[in-house]
Amino acid sequence: MSEQANRKKFLYVNRRAPYGTIYALESLEVVLIGAAFEQDVSLAFIDDGVYQLVAGQDTAGVGMKNFSKTYRALGDYEVRKLYVERESLAERGLTVEDLMPITYEDEDDDYAEKPSIHLTDRSEMARLIAEQDVILSF
Amino acid sequence: MRFGIVVNEGPYTRQASDSAYLFAKAALAKGHEIFRVFFYHDGVNNGTRFTVPPQDDRNLQRLWSELAETHKLDLVVCIAAAQRRGILDANEAKRQGKDGDNIAPGFRISGLGQLIEAGIQADRLVVFGD
């Protein structure tokens, strides 16, 4: 079987704030390990999951590891499709300006730096979810 | 059909492990294949042999171990999640300088790659637990 035939569409759905539970961190651990398997990977950020990408996170007060920098490194792992739900941002008084700039280098376009974050309407998100082979929701 | 199963919750607090067990049993009874059961997050707590539930209740760890033995199931506990939560096999206990191990029969500790592989190899990856 060719590698292409083994390539599946993986979607990691991030629904929770980064530090109230361990799910965001352990989701990221799966994404990083999964990157080695060269699948078609997308990440979705919905509900409180949009807080995972907010810029300027400071965890000193709660004594937890600040792992937010890892999201900015995702491009180096060929993880380039981060879909952030527009309504979830708006419901929390956030805009894309509040999020970390996350980019990747496009090797097919002279290594131009391109944004990994795509603002996605709720209805588009439903379509994105429907077309996946494997969904892991955290 | 070939199923992969993911268990994301520990035993007893939530029903997820029970549901996953019953699903696995039903799928096998119908002649389906279970490629692997992967335990993640608090789900790793299903894999300690040191749980002692009351005698008039089910023993989930034992149920999983027996199912694994009967059907040669591959029960994999995520190593990173397990280390955080104190689930160790003899090798890990030695490597980490701990004075004992608690992995249950039929379970093995391995990496997250086993979860991704289950997603790739299974026709359906079924996730239990929020």
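The area buried between chain A and chain B is about 1700 Å², with carbon and sulfur atoms giving 58% of that. Buried area here is the accessible area, taken with a 1.4 Å probe, that two parts lose on being put together, summed over both. Tyr23(A), Glu26(A) and Phe37(A) supply 27% of what chain A buries against chain B, more than any other three residues.

Before I go on, some housekeeping. This is a predicted model, where local features need pLDDT of at least 70 and side-chain atom pairs count only at pLDDT 80 or more, while totals for chains, interfaces and linings use all residues. Residues are numbered from 1 along each chain as its sequence is written, chains are lettered from A and ligands numbered from 1 in the order in which they are written, and side-chain values use heavy atoms, with hydrogens and water left out.

Back to the interface. In contact (heavy atoms within 4.5 Å) are 21 residues of chain A and 18 residues of chain B. There are five salt bridges between the two chains, a salt bridge being a side-chain nitrogen of Lys or Arg within 4 Å of a carboxyl oxygen of Asp or Glu. Asp130(B) makes one with Arg16(A), and their closest N and O atoms are 3.0 Å apart. On the chain A side, strand 1, helix 1 and strand 7 each give two or more residues. Helix 1 of chain A gives the largest share, eight residues. Helices (H or I, at least four residues) and strands (E, at least two) are DSSP runs, numbered from the N terminus.

Now the sheet. Chain A has an open sheet of five strands in the order 6-3-2-1-7, with parallel pairing; two strands pair if DSSP finds at least two bridges between them. Strand 6 (117-120) and strand 7 (134-137) of chain A are at the edges with a single partner strand each, so one side of each has no neighbour in the sheet. Further in, strand 2 (residues 40-45) and strand 3 (residues 82-85) of chain A pair over three bridges, and Leu43(A) stands opposite Leu82(A).

Two helices to finish. Helix 1 (residues 23-34) of chain A lies across strands 1, 2 and 7 of chain A, at about 160 degrees to strand 1. Helix 5 (residues 113-121) of chain B lies across strands 1 and 7 of chain A, at about 130 degrees to strand 1. Axes are lines fitted to C-alpha atoms, for helices over the stretch in contact, and angles run from 0 to 180 degrees between N-to-C directions.
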